[in-house]
2 protein chains.
Amino acid sequence: MSTKTPVTLKFLAQKLKVSISTVSKALNDYPTINAYTKERVKQMAAELHFTPNKSALNLQIQKSYTIGIILPDLMDHYFTRSIFGIEQYARQHGYNVIIGQSYDDLKKEVDLANMLLKSRIDGLIIAISKNTENFDHLDLFENLGLPIIYYGRNPSFNLSCHKVLSNTYQGCYKATDFLIKRGHKRVAYLGGPKMISFTHDRFKGYINALNDSNIPFEASLVAYTDFDQANTHNAIKELFYNRENPPTALVAFKEQILFDAMKYLRSNKYEKMDQTEFIGFGNMPFIRYLDNPPLASIEENPESMGENAIKLLLKLIDQKTEAIEYQEIMVDCELVLHQ
Amino acid sequence: MSTKTPVTLKFLAQKLKVSISTVSKALNDYPTINAYTKERVKQMAAELHFTPNKSALNLQIQKSYTIGIILPDLMDHYFTRSIFGIEQYARQHGYNVIIGQSYDDLKKEVDLANMLLKSRIDGLIIAISKNTENFDHLDLFENLGLPIIYYGRNPSFNLSCHKVLSNTYQGCYKATDFLIKRGHKRVAYLGGPKMISFTHDRFKGYINALNDSNIPFEASLVAYTDFDQANTHNAIKELFYNRENPPTALVAFKEQILFDAMKYLRSNKYEKMDQTEFIGFGNMPFIRYLDNPPLASIEENPESMGENAIKLLLKLIDQKTEAIEYQEIMVDCELVLHQ
DNA sequence: TTGTACGCGTTATCAT
DNA sequence: ATGATAACGCGTACAA
């Protein structure tokens, strides 16, 4: 009861008075092993709860059947949901998954990458931190022949790589177009941080939707913010106050930002609140708890993005052939109505 | 560029024309190795980006420096936040962390446990699924001498084990007492599923707070629900409608439930809404987006719970001595005001 | 039908 | 100061 002897093939072999390889073969159903012997071995293995040691296996087959995921933050439902898509498919195909959070900190991201390197993962799926401009820690993987999929966040600096991203352009086009079709002539766009490429992709969707409906673009209907509440309030002041013609609809970069904006307008008793319609990116689950939810959400389908990422990754892992062309997969967004 | 030779000690040794053990010792700063040799070896190792193979190390030292976490769902901020506490402390002490989601499904939980067993983790921290009544898959760990900490969810059926839990009794007492001190004579309690022990622990806190203030208990001020919206609406009808003296304050099992309740009352224009005060368990981050937030939240401090769990686990791992007494750690809750 | 021997990458012990 | 060897647990080619 006190000093545990680990249950290994060797241990089983000694107990059964056969050789180690007989035990191994029996457990792996080798046809050359006597049925009775197999029975004895399997019986004893079950009784003692034998489980093959993964480290030993990895060492032997030179493969870990493990893939790594690095992402900024599990508190962000976008990423948490993406894991669901990855995990499902990975497990079905015999792969395990190690998740690491960088907390949007480059140093943590580098540490995680090195840890995963030591663990000899077979491939990596990563949503880079917002400060990742140097890719040395990730290039190590490619140099070793380990495939990387960049997903969820666009590594603008790192052009030649596999990417799986939400089609944020299409999502923003769809939302803007939807608002126009509902009769809005004055649709505003509230963008996110300007360093993030998605901010500009979405802007393109916005402006193309306007163009396609022959609505003239008006610079004063566009403002930018980040995840700081005060900055969002300022942007909203710009867009909605001290002007003759405030917008009648708004498309926002992220629902977190949108909710700050809506709360600000409502608590300041913005008089045209009831005639103004709002759409943001995210489709967060707690929208059901809001007394006055936005008109709709742009659902980015993170699960599907995750699934696309893992599918591509496993293809690259299996394909021991020469590296295939770099892929860029875009996952379409949908509009989800709340009212 | 095409057929990668893995960078191992052997590979380095061949390149440098020294023995494998010299390389190993040089990299590990053995005092017996010539300074110049060390330099040469380290130089080459850095150049070729050598990283020791974790599987080989694990095999050799019979320890993985990895701990497993099994929890129901990363979409639940309570668990996601608990990871933060675990990760920080674990990494500081040289341990890695593997996270697995059971999605509250016993079969998935068993699969995860077996996977972690194969991976030869050094210990496990688990929040059991709501269906976990049989503990065979977890007893395997204890039989192997691997410590388990049950956390976040109370395994009522499995008495002799280490537990780290939120002190839900104390939290509910505090909230109820706070409401009483604010002048409320009629405080209601909306409990969660009756199978969950926390439901009853919280009830005890509620009723003890009443007693300590000499407020008579009234059965009609207590109702139960689960995470289904319709059931919550029914419970709220019971508590607030068709009666002379509805409660003037409510303590709810979980904020998800509380928000459903508040939205229901508000959208039905419950006339005394403005004089009624609400408190729920959770302190969810999106409360800042609500136009009418509850009075306060009971903050369960999941990070601290995670940290307590990992601290105890590492103590048990290091302590190769005979198993110490089973511990039950309670993490106190705090009241966080929103108005 | 079963057993022996080797190698995966690493460290530690014991030569040299 | 350096090198040879064994061991960790496993699968498999080859020998018996």
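Here is a walk through this predicted model, from the pairing of its chains down to a few single residues.

A word on bookkeeping: residues count from 1 along each chain as its sequence is written, and chains are lettered from A, with ligands numbered from 1, in the order in which they are written. Because the model is predicted, local features need pLDDT of at least 70 and side-chain atom pairs count only at pLDDT 80 or more, while totals for chains, interfaces and linings use all residues.

Let's start with the two chains. In general, two copies of a chain are related by a rotation about an axis and a shift along it.

Now for the interface. Chain B puts 37 residues in contact with 37 residues of chain A, where contact means that C-beta atoms, placed from the backbone, lie within 7 Å. On the chain B side, two or more residues each come from α4 (54-61), α5 (77-92), β2 (96-101), α6 (106-118) and α11 (255-267); these labels are DSSP runs numbered from the N terminus, helices being H or I of at least four residues and strands E of at least two. The top contributor on that side is α4(B), with five residues. Sorted by class, the chain B side holds 15 nonpolar, 13 polar and nine charged residues. Nonpolar here covers Ala, Val, Leu, Ile, Met, Phe, Trp, Tyr, Cys and Pro, charged covers Asp, Glu, Lys and Arg, and the others, Gly among them, are polar. The copies meet through the same surface, because 100% of the interface residues of chain B are also interface residues in chain A.

Next, follow α6(B) inwards. Its 13 residues reach 19 Å from first C-alpha to last, close to the 18 Å expected at 1.5 Å a residue (1.5 Å times one less than the number of residues). Glu109(B), Leu112(B), Ala113(B), Leu116(B) and Leu117(B) of this helix are buried. They sit on the same side of α6(B), because they cover an arc of only 140° around its axis, taken from the directions from the helix axis to the C-beta atoms. "Buried" means 20 or more other C-beta atoms within 10 Å of a residue's own, "exposed" 12 or fewer, and "partly exposed" in between, with C-beta atoms placed from the backbone. The buried residues of α6(B) pack against β1 (66-71), β2, β3 (123-126) and α7 (136-143) of chain B.

Most residues other than glycine have a negative phi. Tyr65(A), though not a glycine, has a positive phi of about 50°, and lies in the loop between α4 and β1 of chain A.

Conventions. Contact = placed C-beta atoms within 7 Å.
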